[in-house]
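Let's take a friendly walk around a protein model, stopping at its charges, its contacts and its surface. Keep the picture open while you read.

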Amino acid sequence: MNPLLATLGGKLTERWLNLLVLPGALFLAVAAVGATLGHRHWHDVERLRGTLDDLAARPALDRTGTAAILVAFVLLTAAAASLAAQFLGGAIERYWLRFGRDPLSRALTARRERQWSERDAKVADAVAHAGPTGVAANGTVTIPRSTWARIQALTEARDRIALRAPARPTWYGDRMQATADRVEAAYGVDLAALWPRLWLILPEPAGRQIQSARDSFSAAARLTAWGVGYALLACWWWPAALVAVACASVARSRARAGLDALAGLIEAAVDVHGRELAARVGLIAPDATGLLAHDTGDGMSEVFRKAE
């Protein structure tokens, strides 16, 4: 029992250090440097060294009790800063995935829809004017490679806005909405009602991959929150703005990659295990073959929504 408790204690301590203390301690260090140097002396290393020497020379720091209290204060403050970043990160996640019923969100959605429509029209125009070079033996029409490359480039530019006509004010919300729309179009099932039940029967490897993608998206939101904190520090020490920009850039890239992976895994889970769930709730026979039919998907949505 004691080795088990020691192992659990070690893992909890490591997790506490990695998630709370270290990011918060780094933020406190930058805040202390910024408060000491300011804008005017932003690169004055000697000024910083002198401040540290003066602090270390204080008699109170020679006392063990005072030093212990100071260390405990720094650790608690770092943990508090990290908890604040986690709270703000959760708010940022909800903001990224929001439906957007307020006037600003509706304006952003309309703007994104106009941009998507313009790029979609360019894709359609490029496809319409793609001159075929011949017909293969299996009936496939061939087009010049340069034309195909241009169509691909236009399609990728359109998909960077959204995979389908935007319905939400952010790319993140539209990516999840596209997954729900694709699942409903393919199987006639409401993904919001289906997913909590499907999650319960997923095998452990699939669950781990989905949770990993979800954690990656959450970590990107927390990194964005830290970027906001460093942007505030830039009011006293402008180099902190560089850290904020770096955090925002990395967070955006990781958030897009994480959410794209999460959406793809959710859709794949429905493809692979949707029929199994239908069999478990008694809508189809356990030995049924083939794809999940639309009428079965409608029945699942009706069962899962209950009286809604």
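## A negative patch

Start at the surface, where E184, D295, D298 and E302 gather in a patch of negative charge. Here is how that label works: Asp and Glu count as negative, Lys and Arg as positive, and His and the chain ends are not counted. The place of each charge is taken as CG of Asp, CD of Glu, NZ of Lys or CZ of Arg. To join a patch, a residue needs over 30% relative accessible area and no salt bridge; like charges are joined within 9 Å, while nonpolar side chains (Val, Leu, Ile, Met, Phe, Trp, Tyr) are joined within 5 Å.

Helix 10 gives the most to this negative patch, with three residues.

## What you are looking at

This is a predicted model, so local features need pLDDT of at least 70 and side-chain atom pairs count only at pLDDT 80 or more, while totals for chains, interfaces and linings use all residues. Residues are numbered from 1 along each chain as its sequence is written, and side-chain values use heavy atoms, with hydrogens and water left out.

The protein chain has ten helices and two strands. Helices (H or I, at least four residues) and strands (E, at least two) are DSSP runs, numbered from the N terminus. Of the chain's 308 residues, 33% count as buried.

## Positive and nonpolar patches

Which residues gather in a patch of positive charge on the surface? They are R119, K122, R150 and R160. You'll find R119 in helix 4, which covers residues 103–128, and R119 counts as partly exposed at 31% relative accessibility.

There's a nonpolar patch on the surface as well, formed by L88, V228, L232 and W236, with about 400 Å² of accessible area together. Areas like this come from the Shrake-Rupley method with a 1.4 Å probe, and for residues only the protein chains shown count as cover. W236 sits in the loop between helix 8 (204–233) and helix 9 (240–280). With a relative accessible area of 56%, W236 is exposed.

## Salt bridges

Now for the opposite charges that pair up. A salt bridge is a side-chain nitrogen of Lys or Arg within 4 Å of a carboxyl oxygen of Asp or Glu, and the count by this rule comes to nine.

Take R208 and E204, whose closest N and O atoms are 3.0 Å apart in their salt bridge. Both lie in helix 8, four residues apart, which is about one turn of the helix. E204 is exposed, with a relative accessible area of 58%. Elsewhere, salt bridges that share partners join D120, R158 and D159 into one network. Within that group, R158 and D159 form a salt bridge with closest N and O atoms 3.3 Å apart. R158 is buried, at 15% relative accessible area, whereas D159 counts as partly exposed at 23%.

Another salt bridge links D190 with R305, their closest N and O atoms being 3.2 Å apart. D190 lies in the loop between helix 6 and helix 7 (191–201) and R305 in helix 10 (residues 294–305), so the pair ties together parts that are 115 residues apart in sequence. D190 is partly exposed, with a relative accessible area of 23%, and R305 also counts as partly exposed, at 33%.

Is R175 buried or exposed? It's buried, with a relative accessible area of 10%. R175 belongs to helix 6 (residues 171–187), and its side chain makes a polar contact of 3.1 Å with the side chain of T179. A polar contact is a pair of N or O atoms within 3.5 Å; within protein, one must be able to donate a hydrogen and the other to accept it, and residues adjacent in sequence count only if both atoms are side-chain atoms.

Finally, look at two pairs of C-alpha atoms. A29 is in helix 1 (residues 2–37), and its C-alpha is separated by 9.7 Å from that of A78, 49 residues apart along the chain. R275, in helix 9, is 21 residues from T296 in sequence and 8.9 Å from it in space, C-alpha to C-alpha.

Key: Buried means under 20% relative accessible area, exposed over 50%, partly exposed in between (1.4 Å probe, protein chains only).
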